[in-house]
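This report walks through one protein model, from overall build to single residues. Keep the sequence and the structure open while reading.

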Amino acid sequence: MILCLLCIAVPTGCRIPDNSDKQIFRYNESAGITTLDPAFAKDQSIIWGCTQLYNGLVRLDEQLQPQPAITVYFHKDPLFRTPESTRTVPAQDFLYSFNRILDPAIASPGRWIFSEVDSFSAPNDSTFIIHMKQPFSPFLSLLGMVYCSVVPHEVADHYGPDFRQHPCGTGPFRLQLWKESVKLVLRRNPLYFEHDSSNHPLPYLDAVAVTFIVDKQTAFLEFIKGNLDFMNSLDASYKDEILTRTGQLKAKYADRIDMVSTPFLNTEYLGFRMENPQSPLNDRRVRQAINYGFDRVKMMKYLRNGIGTPGTGGMVPCGLPGFDTVGLYGYTYNPQRAAQLLADAGYPNGQGLPTLTLATTSSYLDLCKYIQQQLNLLGMDVKVDVNPPAALREQIAQGKAPWFRGSWIADYPDAENYLSLFYSENRCPAGANYTRYSNRDYDKLYRKAKLTTDDSERIRLYRKMDKIIMEESPVIVLYYDQVLHFTHKNVHGLRSNAMNALDLRYVTIDPQ
């Protein structure tokens, strides 16, 4: 793969609005932001922050297609020994940035994205060559991940681990202020290379201000009062206040708030640890009984106000090629079938079945309580164990959670990303196979699909693998999520996609 970098001269005399005309986009990040170093952009909160500060070789557009995102100038920084305190971006900067991801001393969680790469080279300033070990069709989209952002060696090497607090990229905004857990302020980058169709420089906004209110209901109230311009997703604490049972914006907000909902490449699920031979959960019939034992349609209607699609298919979510569109596999509510499977496993009406503990976080407690109540009707004794998010992640990674709630947001828009969760060589803690599932036939299909460049054949193999997972039931698919964005009526031009990107380049805010 050869990627050419074109350095374009950009006028530096961009319009700087006066203080009376500032357009500041305000949003809250309840999860917090722990770093602004793209090498560690593994969480959505960090990805959103870094998206405003950096560019890579490509970005994914609203249809999830890779588009060029090659940049020109770095943000101004005194560490650049030039009169302008900046410089252009040659191909060698990508060579440095990608090798930095691979550096064991950096310990980037994004190192895996180059597992199919043999080497990089930059023979001149405008040519960057990636030598692949073997074919891998999703690779160009994978380069759109924030991990692949370009950073300057002068700044990254100077600050070392503290580069997280001193970001320097090429994106539409640059850092002005960051008081951790309090506020983050990004200013418009006057050197940004992109223009709109009228040749007006992007971005339109003068600044982005991020607060870190942990309580989601408090953040919701700040949004309703007009102190925030944007709110993402839905929380149980306010869902019934803003949405009807059918997922529509309530009439009292319709004249001042806009809601946009699109498919989200996020599969919410419950996972079983498969390496636990003494547990009844090691019996496929028990896992299948749980899959049949609760009503996903009713769960989505009453607990999610219709936001999302019931998970009656496989792990591959709707919106991706490979999704089962005709119902060849998956689970619907069938308590009779669930009871029969329990009896076949030696637990008629749940008799003799020990207490099963489901580990979750407080954000998903309502869903887990619902499943607990439904399974109790089958005679199953389920205990819900609520954990802090970090503690649950640690339990899952160490294999200490026999049954746990999880979710998988696509790293890149290809079904392989979901199916890799069950490839035996990806078993945690080294990889993301949190269930520690292993199946020799599945592994053969997975390796074959990775090498297949014919799209239709690859999709056929994806569906075959997804069917195996549903039959074996190392997971219970709960639902396929939706992107849900709320903005005030005076906010225009916000762009996103099925990976819930936050693209602020074209946003404008009318005076109120």
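## Ground rules

Helices (H or I, at least four residues) and strands (E, at least two) are DSSP runs, numbered from the N terminus. Serine 141, for example, is found in helix 3 (residues 139-142).

This is a predicted model, in which local features need pLDDT of at least 70 and side-chain atom pairs count only at pLDDT 80 or more, while totals for chains, interfaces and linings use all residues. Residues are numbered from 1 along each chain as its sequence is written, and side-chain values use heavy atoms, with hydrogens and water left out.

## Confidence

pLDDT is the predictor's confidence in each residue, from 0 to 100. Its mean for the protein is 93. Of the residues, 96% reach 70 or more.

One stretch stands apart. Over residues 5-20, pLDDT stays under 50. The model has 27 contacts for that stretch beyond four places in sequence; contact means heavy atoms within 4.5 Å. Where pLDDT is low, the predicted coordinates should not be read in detail.

## Overall build

The protein has 14 helices and 18 strands. Its radius of gyration is 24 Å, close to the 24 Å that the globule rule gives for 512 residues, so the protein is as compact as a globular protein of that length. The radius is taken over C-alpha atoms, and the rule is 2.2 Å times the number of residues to the power 0.38. Along the principal axes, the C-alpha atoms fill a box of roughly 80 × 55 × 40 Å.

Buried residues make up 54% of the 512. Buried means under 20% relative accessible area, exposed over 50%, and partly exposed in between (1.4 Å probe, protein chains only). Among contacts between residues at least 6 apart in sequence, 68% join residues at least 24 apart. The protein exposes about 22300 Å², and carbon and sulfur atoms supply 50% of that area. Accessible areas come from the Shrake-Rupley method with a 1.4 Å probe; for residues, only the protein chains shown count as cover.

## Aromatic pairs

A pair of aromatic rings is described by the distance of the centres and the angle of the planes. Rings of Phe, Tyr and Trp (its six-membered ring) pair if their centres lie within 6.5 Å; planes under 30 degrees apart count as stacked, over 60 as edge-to-face and the rest as tilted. The structure holds 24 such pairs. One of them joins tyrosine 27 and tryptophan 48, edge-to-face, at 6.0 Å centre to centre and 75 degrees between the planes. Tyrosine 27 lies in strand 2 (residues 24-28) and tryptophan 48 in helix 1 (residues 44-53), so the pair ties together parts that are 21 residues apart in sequence. Tyrosine 27 is buried, at 2% relative accessible area. Tryptophan 48 is buried too, at 2%.

Tyrosine 192 and phenylalanine 193 form a tilted pair, 5.1 Å centre to centre with 55 degrees between the planes. Both residues are buried. Elsewhere, ring pairs link Phe94, Phe98, Phe114, Phe120 and Phe128 into a cluster.

## Charges over rings

A charge sits over a ring if NZ of Lys or CZ of Arg is within 6 Å of the ring centre and within 35 degrees of the ring normal. The charged end of arginine 405 sits over the ring of tyrosine 364, 3.5 Å from its centre. Lysine 450 places its charged end over the ring of phenylalanine 136, 5.0 Å from the centre.

## Residues in place

Serine 141 is buried, with a relative accessible area of 15%. Beyond its neighbours within four places in sequence, serine 141 contacts Leu60, Pro66, Tyr412 and Pro413. Threonine 361 sits in the loop between strand 13 (356-360) and helix 10 (365-376). Threonine 361 counts as buried, at 9% relative accessibility. Not counting residues up to four places away, threonine 361 touches Val386, Asn387, Pro388, Pro389 and Leu392.

Glutamine 92 lies in helix 2 (residues 91-102) and counts as partly exposed, at 31% relative accessibility.

## Backbone exceptions

Most residues other than glycine have a negative phi, and most peptide bonds are trans. The bond from leucine 202 to proline 203 is cis, with omega near -5 degrees. Proline 203 is in the loop between strand 8 (183-188) and strand 9 (207-211).

Leucine 64 has a positive phi of about 65 degrees. Its loop runs between strand 3 (58-60) and strand 4 (66-68), and leucine 64 is buried at 10% relative accessibility. Alanine 107 has a positive phi of about 60 degrees. Alanine 107 is exposed, at 53% relative accessibility.
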